[in-house]
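Me: Please take me through this structure term by term, setting each value against the definition it has to meet.

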Amino acid sequence: MKFGGSTTHRPRAPARRRCRLGLAAVGLAGSVVPGLARADDRPDGARLFSVACAPCHGDRADGWSPATRFLRRGPRDLTAGVFRFKSTPPGSLPLDADIARTISAGVPTAAMPAFSPRLERREIDALVQFVKSRSPRFASEPRGEPIDLGAEPPGGASPDEGERLYRLYRCPECHGETGRGDGPSVRTLLDDRREPIRPPDLAQGAWKSGGRTIDLVRAISAGLEGTPMPSYELTIPPAERWAIARYIEQIGRRSRIWRWLADRPDFR
Amino acid sequence: MRALPTAAVLAAAIPLASSEAAAEPRFAARQGVPCSLCHQSPNGGGPRTRFGREVYAAHRLPMSTDDFGLGFRPEAFGVDFGGDARFAFIAQDVPEVDPAAPPGPTNPSGPSLLVRKVSGSAFFPMQLDGYAAAPVGRFVTMYADVGAHGTAEAAALVHTEGRALIAALGAFNPPFGLRLANHTSATRHPMGFHPRAKQVGAELTANSRHFGAQAAATGWQEGGWFGDLVAQRAGSVRLEARWPGELLRASVAASLYAERRGAVDDRRAGASATLSLGRLTYLGEVVARSRDADADGPRQTPLAQYHELLVAAGRGLDLSAMVEALDPERGIGRRDWRIGGSASLFLIPNIEFLAFVRRYLAPAAAPEHDLIEAILMLHMYL
């Protein structure tokens, strides 16, 4: 009977330790995801994937599971080696840190949950190696080189300048004049599965690439592979990318009441 | 005499003690998905699938199971085990019956029910269920859900790998309408859908992203086995259309149920709708029932309604308000109305706290006049 097993998580605060002890007293003590460590206590990436990832991405990591048809965009086929959120140029493989970031932080507004702090860093690293093993690209192609994201100008980038640049670089073509994802090109956009895809509503205040300014800069710089969002590494200087990111953040701060109402604080 | 209020409350609470095993239509409504995505049973409730256990329950309730080092995931020999335990404290005004009183306007066929009201309260184990579920290869799953109060549900599921098609053979509640967590709701137990009313038979379920269809042919034994299965048989059909948009998610469903118990026919028809817009979710249902009181009695056709509006105030915190209506039977001539509210809090992983209040809106002469039920519940689940 696989009760318990190796404990792979630690309480994060004294209050939680007390709660844990209290609950243990009523017979609820246990361990998380039992049996996920090898005999030498290294996390077992395959077993972790089977428990944490396969319910959506499928046992074969090909994106096919009983949940696939009910999720809005479907889980990613990890065997294809195409990853949307990365810091390397289009067509090149992601960094280990890119995959780890997606696993840790999840994809806000989408069905991919955040696995941190549920999983420890070393467990996420084990998962990254297992995910890479699912695609032959990682064995046959060279590692991608990260794009230079630059640094935010001293004093901070200007959202007003970002708005000017947003229009200068024709972002409204897809993202719309106010970032609502209602640009004139929307009806023609397809993803790498040849399925219609819409730009996100940037005013929602939560972005799939992540919630930090640098995450937005990364998305602008590297693009989102598998979607019509191109890489602007060669067309927009780094300082201007930061300004556009600051403008997008400003868009997202509008209409807080609507954002609160529209948010679903659970599974998407 | 002091024991009387507690005993009366317990007697009134016995129907509550057979609560549905953790069926939560609001979760399915919010996601725009069928119950079978998270639950082994296509009708929802009971043991959960890998997705329900590892994804929805693990990630979308308030905090990670692992924050507290919890996360029992007991399994052995390929069988997943789980369970539900609910403990409730109920406080209620209970009408006391005077058997010597003459028939009154509220009960023309018997003594007046209301003499005086007695307040009482009781604490009791509301539900104790144990689950087991085991996949047998890629296309078969066996599951069982046994309750300490005498309920038992078990089935062999033959399904496609993605569970788009599921054929169930066993004992289960037939598919109908919204499987509300509170089976004392107007459209559930009062309309004949009691969680103990498991029926033996076969059920076929088909689900695509936008449509769902279920059909079941069942029977049950009362005092016998296969002979009575023929005399007491039922069939049900449920059709659903879903819109799982990004912001707006909705569903509408129509259900039909018919049973023959001896010489008595009982037919039920229902329509339900769910609507989820961000944090707001609406669950609504109307059920009509047509049956003979007995083989020679007059046909009765009560109508029940259930409407609930929920707000996901925070991750793991649900607030709701509900309105129910139940048409009278036996010619009492009054529609029962109830209003209520609840707060559900998943404060600790695998544990839910629920506070529920319900008030009857009935005329002064009615037994339910000013009747208020208040329930505090602790729900632990694996």
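**Thr218(B) and its surroundings**

Reply: Apart from its neighbours within four places in sequence, Thr218(B) is in contact with Phe172(B), Gln199(B), Val200(B), Gly201(B), Arg233(B) and Ala234(B), contact meaning heavy atoms within 4.5 Å. The model is a predicted one, in which local features need pLDDT of at least 70, side-chain atom pairs count only at pLDDT 80 or more, and totals for chains, interfaces and linings use all residues. Residues are numbered from 1 along each chain as its sequence is written, chains are lettered from A and ligands numbered from 1 in the order in which they are written, and side-chain values use heavy atoms, with hydrogens and water left out.

Me: Why is Thr218(B) called buried?

Reply: Buried means under 20% relative accessible area, exposed means over 50%, and partly exposed lies in between (1.4 Å probe, protein chains only). Thr218(B) has a relative accessible area of 7%, and therefore counts as buried. This residue is found in strand 10 (residues 211–219) of chain B, where helices (H or I, at least four residues) and strands (E, at least two) are DSSP runs numbered from the N terminus.

Me: What joins the side chains of Thr218(B) and Gln199(B)?

Reply: The two side chains are joined by a polar contact of 2.4 Å. That term requires a pair of N or O atoms within 3.5 Å; within protein, one must be able to donate a hydrogen and the other to accept it, and residues adjacent in sequence count only if both atoms are side-chain atoms.

Me: How many disulfides does a search of the whole structure find over all chains?

Reply: The search finds zero disulfides over all chains. Cys35(B) is in no disulfide, and its nearest cysteine sulfur, that of Cys38(B), is 8.8 Å away. A disulfide is a pair of cysteine sulfur atoms within 2.5 Å, so the sulfur of Cys38(B), at 8.8 Å from the closest one, in Cys35(B), is too far for a bond.

Me: What makes Cys35(B) count as partly exposed, and what makes Cys38(B) count as buried?

Reply: Cys35(B) counts as partly exposed because its relative accessibility is 30%, whereas Cys38(B), at 18% relative accessibility, counts as buried.

Me: How do you know that strand 7 and strand 8 of chain B pair, and in which sense do they run?

Reply: Two strands pair if DSSP finds at least two bridges between them, and six bridges join strand 7 (residues 152–159) of chain B to strand 8 (residues 165–172) of chain B, which run antiparallel. Ala155(B) stands opposite Gly170(B) in strand 8 of chain B. The hairpin of these strands has five residues between them, and there Arg163(B) takes a positive phi near 60 degrees. Strand 8 of chain B also pairs in the antiparallel sense with strand 9 (residues 199–207) of chain B, over eight bridges, and Ala168(B) has Glu203(B) as its bridge partner in strand 9 of chain B.

Me: How many helices and strands does chain A have?

Reply: Chain A has ten helices and zero strands, while chain B has four helices and 20 strands. Buried residues make up 47% of the 268 residues in chain A and 54% of the 382 residues in chain B.

Me: Which residues of helix 3 of chain A are buried?

Reply: In helix 3 (residues 96–105) of chain A, the buried residues are Asp98(A), Ile99(A), Ala100(A), Ile103(A) and Ser104(A). They pack against helix 4 (121–133) and helix 5 (137–140) of chain A. Gly106(A), with a positive phi near 70 degrees, follows helix 3 of chain A.
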